[in-house]
There are 2 protein chains.
Amino acid sequence: MHTPNDDRATTKRTLGQYLAGIRMDRKMSLRAVEEATNKQVSNAYLSQIENDKIQQPSPNILHALSELYAISFENLMEMAGYLMGTAGRSDTERHGRIATFAEHNLTADEETEMLQYLQFMRNRKKPGDKT
Amino acid sequence: MHTPNDDRATTKRTLGQYLAGIRMDRKMSLRAVEEATNKQVSNAYLSQIENDKIQQPSPNILHALSELYAISFENLMEMAGYLMGTAGRSDTERHGRIATFAEHNLTADEETEMLQYLQFMRNRKKPGDKT
DNA sequence: TTCATTTGCTTGATATTCTTAGCGCGCTAT
DNA sequence: ATAGCGCGCTAAGAATATCAAGCAAATGAA
């Protein structure tokens with residue numbers, strides 16, 4: 001079993017770096033996250049978290065982020081240093097990066113909907129559409 | 001399916017009452033617990049917890065207690081008000097077919113748009129907040 | 001009784017999370 | 001230029017988890 005951390009040349013990303021990476025992946029601003037999480041995570045606080053100035057964000061915060069980003073909550077908990085294991089869920093299996101979507105940890109429903117959207121997108125391909 | 005709740009006619013005890021009950025069940029003193037948990041839970045603090053003077057003990061504390069008492073950690077987490085249910089339990093079984101996307105061979109642009117759509121989808125899925 | 005120990009508990013201090021307000025930078029448009 | 005907006009970030013404070021120390025009451029010897 002490999003470490004739950006990503007590899008990718010960088011030895012070991014901290015929770016902050018991981019979260020920052022994901023957020024940039026999603027192309028969201030700090031304030032966008034604040035909005036999207038319904039103020040559960042203020043932009044200021046998220047900044048502190050991403051810069052590792054907070055040692056252990058509460059599970060609530062982590063959960064909000066995991067939901068928004070659609071990533072593994074338990075993984076975040078582990079990264080934050082919360083010992084999750086003995087109680088029953090030591091699963092936490094991490095698949096390698098199959099695609100960028102691996103990080104998004106889609107639910108079955110989400111995946112279905114994503115596939116539908118993919119079809120739609122490919123049928124309706126527009127030239128030069130850059131948001 | 002089945003309520004994650006305990007049995008034992010627990011009715012609706014608070015976390016504190018629950019923990020106090022368990023400790024008396026085990027016939028341990030506050031200081032005995034402090035000892036047994038290797039000072040992870042001080043007797044003073046445990047007293048405050050049992051008397052519901054602490055609103056949300058950290059997962060670490062809860063974990064130490066769950067291990068000592070041999071009770072469910074996640075149950076304690078829930079009692080402490082840590083939302084473990086919103087999107088959690090059932091979708092521990094998500095990943096698995098994300099590989100599907102790999103086979104679709106997304107272009108960079110497609111991937112970007114898919115990510116945006118995911119994000120949109122996630123925001124939409126948000127249940128009504130508690131105003 | 002008196003002393004020692006142990007009980008649950010409170011108090012005061014410290015550390016940490018998390019919030020609100022605001023700064024300076026880089027844009028874009030007038 | 002310059003006014004405005006959104007960006008990431010920080011400073012300062014409020015709230016709260018946690019610890020160390022100590023207290024009164026109960027118990028159990030001697």
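A: Chain A has an accessible surface of about 7200 Å², and 48% of this belongs to carbon and sulfur atoms; accessible areas come from the Shrake-Rupley method with a 1.4 Å probe, and for residues only the protein chains shown count as cover. The model is predicted, so local features need pLDDT of at least 70 and side-chain atom pairs count only at pLDDT 80 or more, while totals for chains, interfaces and linings use all residues. Residues are numbered from 1 along each chain as its sequence is written, chains are lettered from A and ligands numbered from 1 in the order in which they are written, and side-chain values use heavy atoms, with hydrogens and water left out.

Chain A holds six helices and zero strands, where helices (H or I, at least four residues) and strands (E, at least two) are DSSP runs numbered from the N terminus. Of its 131 residues, 44% are buried, meaning under 20% relative accessible area, with exposed over 50% and partly exposed in between (1.4 Å probe, protein chains only). Among contacts in chain A with a separation of 6 or more, 55% come from residues 24 or more positions apart; contact means heavy atoms within 4.5 Å.

The buried residues of H1(A) are A:Leu15, A:Gly16, A:Tyr18, A:Leu19, A:Ala20, A:Ile22, A:Arg23 and A:Arg26. After H1(A) comes A:Lys27, with a positive phi near 55°.

One of the buried residues, A:Arg23, forms a salt bridge with A:Glu50, with the closest N and O atoms 2.7 Å apart. A:Arg23 is in helix H1 of chain A and A:Glu50 in helix H3 (residues 43-50) of chain A, so the pair ties together parts that are 27 residues apart in sequence. A salt bridge is a side-chain nitrogen of Lys or Arg within 4 Å of a carboxyl oxygen of Asp or Glu. A:Glu50 is buried, as is A:Arg23.

Another salt bridge of chain A joins A:Glu35 and A:Lys39, whose closest N and O atoms are 3.9 Å apart; A:Glu35 and A:Lys39 are both exposed. Over all chains, the count of salt bridges comes to eight.
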